[in-house]
Amino acid sequence: MVFSGTLTYIALGSRTSKVALPPAKPTEASPRAQAPSLPGTLYLSQEGAIYSLSAGRFHQLTSESGWTQPSISPNGDIVAVKRSAYYSDLYVLNPFGTVKRRITNNSQPRNSDTGLYHWVFYPRVSADGRTIWLAYDKPKFAYDVVLSIWSMPYSGSLSQGRLWGNAADYTGGDVQPVPVRGGVLYTKYDYASRYSANLESRLVGMLFITNGSSPGRQLTNPAEDCRDPAISPDGTKVAMICTYMKQISYLTIASWNGSKLGVRQTILSNQIVAQPTWAPDGSGIAYLAPGAGQSGPFQLWWLPSAAYAPPPAPVPTPTPGGPYNGTLPSPSPPPVVVIKPIQVTTNNGFDATSPLAWGS
């Protein structure tokens, strides 16, 4: 099967080295998670199962049967992808991992042409719980799988869905939708040479935004090669991954006014970072990256907000009993405190193509 979308789905998998021992289940790993104070509940995927992490302890919610890419709805339910050999579907699970409803049915009768199957990935539930955003391979032509951004009613079916634009053929398409006011932010994969004659013809990621009434508007340039967008809880910043067309994966933050990105700030440049996700209370960012030495399977990491939020400027005060002519002396700059990311797990192997979901 020719599956061009695979390029967008397994790219990170080629950037880790082999290890002697297989990853342990999060529920059986030793030592246990090293950041018990993380707020709320974090949901991750490993080896086809979805796990939750709360109060420093992991819980396995599903069996190892193709489950990945969880998204949290306002009522606490989980919308997740279940992969099969030739297709994938969306399901609604309760907070304990029990199936409540199958949203899509992309299977076909036995021995059907595999070109008739469909794939759905990257579900995201809107803040009001009324809409599911997703990447779906329709329209498609036979075996050519190109994902496009769709929306559908949370309580409805995909037949009631809306297509938000067609992706470029043989690129992998448009993925990772993030609903914003009046539209959707997403990652578009395309050939860099289509946007600049000075760039080589290779697939890159770019952040786009669309309101559905016009072609998507480009927010990052192809030379930055950015993906995995996540909007901060206060709606003022976007965390993303940028590779600059190299074998790197930087954690990058930019200000966000609802329609445009500000200056890029590289937060981490010494790790292969994937799936940055903001804590619900804004206290930091969780992400996936290989463990110490930057080899082997992806582990869970935690970056406190003090690592990227500028400290408040010191307020000068006059010296008691000292001279004062109306101008306060310039204060000495505070000592620079380097906040390093915390490696939460040590011997797991989380799915780096599965976004994390974080509920309060």
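Tutor: A residue is buried under 20% relative accessible area, exposed over 50% and partly exposed in between, with a 1.4 Å probe and protein chains only. The model is predicted: local features need pLDDT of at least 70 and side-chain atom pairs pLDDT 80 or more, while totals for chains, interfaces and linings use all residues. Numbering runs from 1 along each chain as its sequence is written, and side-chain values use heavy atoms, without hydrogens or water.

Student: Why is Tyr170 called partly exposed?

Tutor: Its relative accessible area is 48%, which lies between the limits of 20% and 50%, so the label is partly exposed. Tyr170 sits in the loop between β11 (162-163) and β12 (174-180), and its phi is near 55 degrees, a positive value in a residue other than glycine.

Student: What makes Asp225 count as buried?

Tutor: Asp225 has 2% relative accessibility, and the limit is under 20%, so it counts as buried. Asp225 is not a glycine, yet its phi is positive, at about 50 degrees. Its place is the loop between β15 (217-218) and β16 (226-231).

Student: How do you know that Cys226 and Cys242 form a disulfide?

Tutor: Their sulfur atoms are 2.1 Å apart; a disulfide is a pair of cysteine sulfur atoms within 2.5 Å, so the pair qualifies. The two cysteines link distant parts of the chain, with Cys226 in strand β16 and Cys242 in strand β17 (residues 237-242), 16 residues apart. Both Cys226 and Cys242 are buried. The structure holds one disulfide.

Student: Why is the disulfide of Cys226 and Cys242 called right-handed?

Tutor: The torsion about its S-S bond is about 100 degrees, so the disulfide is right-handed.

Student: What makes the peptide bond from Lys138 to Pro139 stand apart: is it cis or trans?

Tutor: The bond is cis, with omega near 5 degrees. Pro139 lies in the loop between β9 (131-136) and β10 (148-153). Strands such as these are DSSP runs of E, at least two residues, and helices are runs of H or I, at least four, numbered from the N terminus. In this chain they come to one helix and 24 strands.

Student: What lines the largest pocket?

Tutor: Its lining has 39 residues, with Ile72, Arg124, Val125, Ile231 and Trp358 nearest the centre. Elements giving two or more residues include β4 (67-72), β8 (120-125), β20 (274-278) and β24 (357-359). The most comes from β12, which gives five residues.

Student: What makes one space a pocket and another a cavity?

Tutor: On a 1 Å grid over the protein atoms alone, a cavity is a set of points where a 1.4 Å probe fits but cannot get out; a pocket is an open set with protein on both sides within 12 Å along at least five of seven lines, and lining residues have an atom within 4 Å of a point. The largest pocket holds about 1,100 Å³.

How values were computed. Points joined across faces, edges and corners; volume = space filled by probe spheres on them.
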